[in-house]
Amino acid sequence: MNRLFHKWILIALLASVGGAHLALAQEPPAPPAPPAEPAEPQLEVERAEREADTAERRLDRAERRFENRHENVIVHIGDDSSLPAGEYADSVISIFGSASSAGEVGEAVVAIFGNASATGPVGEAVVAIFGDVYVNAEVREDVLAMMGNVQLGPNAIVHGELVSVGGTVTRDPAAVVHGPQQQISFGQHFGRFEWLKPWFEHALLYGRPLAFESSLAWAWWLAAGFLALYVLLAVMFDQGMQRCVTTLEERPAQTVLASVLAALFAPVLITLVAITIVGAPLVPFLLLGIFCASLFGKAVVLATIGRRITRFAGIGAFSHLAFAVLIGGLLALLLYVVPVFGFIAFNLIGLLGFGAVVYTLILAMRANYAPAAAPVGSMSGASAGAAPDVAVDGTAVPPPSTPSNIELTGMPRAGFWIRMGALALDAILIAVIVNVLEPLDHVFLVVLAGYGAVMWKLRGTTIGGIICNLRVVRTDGRDITWETSIVRALGCFLSFFPLGLGFLWMVFDDNRQTWHDKIAGTVVVRVPRSQPLT
């Protein structure tokens with residue numbers, strides 16, 4: 001639109017009126033005009049020019065507002081966003097800051113980890129996530145405060161819903177709310193996570209987990225608590241940590257490869273276990289195992305870093321792994337405050353530590369399995385080469401069972417994961433059976449326990465145990481009786497119901513016995529493939 005054209009058209013129309021008055025005033029027959037009359041047409045022309053200028057300025061502002069209507073969005077990250085009075089914006093958005101508007105907003109005023117304030121009209125909504133909301137104008141739709149309070153001034157008019165989650169709603173008596181009002185409170189001591197805002201501003205935005213800020217004292221205390229936990233792990237499990245540190249120092253390339261593979265396959269394993277009906281209860285234990293391995297692995301990496309310094313100390317106390325973990329942890333904390341590199345170091349330490357633990361467990365399983373297989377194989381070969389005992393009537397005499405059981409008790413103990421794998425296979429088998437036999441559908445655990453008791457008595461193992469080469473034997477070397485198998489099956493319930501603590505006990509037990517193993521006086525051993533299970 002040509003504003004100049006409009007201006008001159010308006011001036012021409014107003015001037016034509018004034019010109020007509022001039023023409024009438026100059027006609028000869030007309031009587032002489034009063035003294036003030038000749039100046040009136042000139043005043044009207046000046047007034048018309050001023051009105052034209054005012055109309056032009058208003059038109060100019062309206063056109064600018066229309067042209068920028070779909071482009072004027074105020075967005076700030078880590079800073080406040082504000083719209084002055086008399087101005088227009090499509091939206092006013094602030095992340096890790098406050099958003100305020102005194103002008104006209106076409107869509108919404110949004111603040112994430114900050115407060116939202118609207119003292120001018122808003123076309124849609126006013127929202128604050130982890131912050132408070134103040135409204136003293138018309139809002140065409142909703143007003144929402146997530147983990148914050150809502151306050152309405154005397155000029156507030158809300159056409160939609162008024163919602164406060166984790167906060168309170170305060171309304172002026174003159175405020176108008178046309179929609180429903182909801183206040184969802186979690187208690188006054190729940191907190192609104194305001195302490196997280198400084199961490200986002202000073203740490204997360206810089207790509208680091210820590211920063212030297214007084215408002216982040218809680219983060220430093222949290223880091224110090226974890227460091228104390230790592231030192232405690234080094235004191236309690238010094239031998240296991242020493243083996244993991246040795247693996248990381250002597251086989252760094254294999255450890256890195258194991259870290260990458262473990263990080264890739266861990267989610268796949270959890271998903272496969274979760275989608276099976278019988279495997280779903282094992283998911284919490286699997287997640288717990290991964291979490292514990294990650295914590296222990298971080299301590300391993302910190303010890304490896306610290307040993308680069310403590311190994312030069314000749315004092316015995318400073319050569320302990322716990323002191324190496326402390327030194328390595330202090331160095332890691334300094335790395336965590338470096339922008340960008342802080343988060344990289346944090347994630348690398350966790351990933352490498354998890355891989356070191358997994359790879360050390362694999363090496364330990366190989367070492368425990370290989371030495372035991374050779375003597376057993378040689379014994380089996382010698383037994384096979386010797387002629388069987390023959391009775392007087394010519395029939396073969398079976399070998400006594402006691403020596404065989406004593407031999408089995410000396411074999412390597414089965415670990416947690418191989419036993420859980422065998423249990424999962426048995427559980428899948430029983431699940432298929434109980435699904436076919438509908439009357440047994442509600443007694444799955446009872447059927448599983450009964451199946452185990454029968455198989456332990458008849459074969460010394462289950463179907464899953466046969467696949468995983470496991471055998472249940474008594475610690476005294478005697479045969480498993482019905483009493484032993486039934487007591488062991490009933491003991492499984494005692495191990496299962498306290499959140500599976502009885503099964504986890506084998507991880508900390510020197511003889512790898514669960515609670516039901518200790519009750520029944522049994523152990524589970526790994527039998528080489530050359531050893532028959534049936």
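Guide: Gly355 counts as buried because its relative accessibility is 0%; buried means under 20% relative accessible area, exposed over 50%, and partly exposed in between, with a 1.4 Å probe and protein chains only. The model is a predicted one, in which local features need pLDDT of at least 70 and side-chain atom pairs count only at pLDDT 80 or more, while totals for chains, interfaces and linings use all residues. Residues are numbered from 1 along each chain as its sequence is written, and side-chain values use heavy atoms, with hydrogens and water left out.

Gly355 lies in helix H9, which covers residues 341-385. Helices (H or I, at least four residues) and strands (E, at least two) are DSSP runs numbered from the N terminus. Between Gly355 and Ser259 there are 96 residues of sequence separation, yet their C-alpha atoms are 3.6 Å apart. Once residues up to four places away in sequence are set aside, Gly355 touches Thr255, Ala258 and Ser259; contact here means heavy atoms within 4.5 Å.

For the setting, the chain comes to 16 helices and 20 strands. Of its 534 residues, 37% count as buried. Among contacts between residues at least 6 apart in sequence, 42% join residues at least 24 apart.

Helix H4 (residues 217-236) has 20 residues, and it reaches 29 Å from its first C-alpha to its last, close to the 28 Å expected at 1.5 Å a residue. The expected span is 1.5 Å times one less than the number of residues. The buried residues in H4 are Ala219, Ala223, Leu227, Tyr230, Leu233 and Ala234. These lie on the same side of H4 because they cover an arc of only 115 degrees around the axis, the arc being that of the directions from the helix axis to the C-beta atoms. On the other side of H4, Trp221 and Met236 are exposed. Helices H5 (238-250), H7 (283-310) and H8 (321-336) are what the buried residues of H4 pack against.

Helix H12 (residues 444-458) has 15 residues and reaches 21 Å between its first and last C-alpha, close to the 21 Å expected at 1.5 Å a residue. In H12, Leu448, Ala449, Tyr451, Gly452, Ala453, Met455 and Trp456 are buried. Their cover includes H11, helix H13 (463-467), strand E19 (470-474) and H14. After H12 comes Gly460, whose phi is positive, near 75 degrees.

H14 leads on to a helix crossing. The axes of H14 (residues 482-496) and H15 (residues 501-508) come within 6 Å and cross at roughly 90 degrees. H14 is therefore roughly perpendicular to H15. Axes are lines fitted to C-alpha atoms, for helices over the stretch in contact, and angles run from 0 to 180 degrees between N-to-C directions; those under 35 degrees count as roughly parallel, over 145 as roughly antiparallel, 65 to 115 as roughly perpendicular and the rest as oblique. Cys492, Ser495 and Phe496 of H14 make the contact with Leu501, Gly502 and Phe503 of H15. By class, this contact has four nonpolar, two polar and no charged residues; Ala, Val, Leu, Ile, Met, Phe, Trp, Tyr, Cys and Pro count as nonpolar, Asp, Glu, Lys and Arg as charged, and the others, Gly among them, as polar.

Within H15, Gly502, Phe503, Leu504 and Met506 are buried. What covers them includes H7, H11 (416-436), H14 and H16 (515-520). Trp515 belongs to H16 and is partly exposed, at 23% relative accessibility. Leaving aside neighbours within four places in sequence, Trp515 is in contact with Leu494, Ser495, Pro498, Leu501, Gly502 and Trp505. Ser495 and Trp515 are 20 residues apart in sequence, with their C-alpha atoms 5.8 Å apart.

Two loop residues complete the account. Most residues other than glycine have a negative phi. Phe130, which is not a glycine, has a positive phi of about 60 degrees; Phe130 sits in the loop between strands E9 (125-129) and E10 (133-135). Met147 also has a positive phi, near 60 degrees, and is placed in the loop between strands E12 (143-146) and E13 (150-152). Phe130 is partly exposed, with a relative accessible area of 24%, whereas Met147 is buried, with a relative accessible area of 6%.
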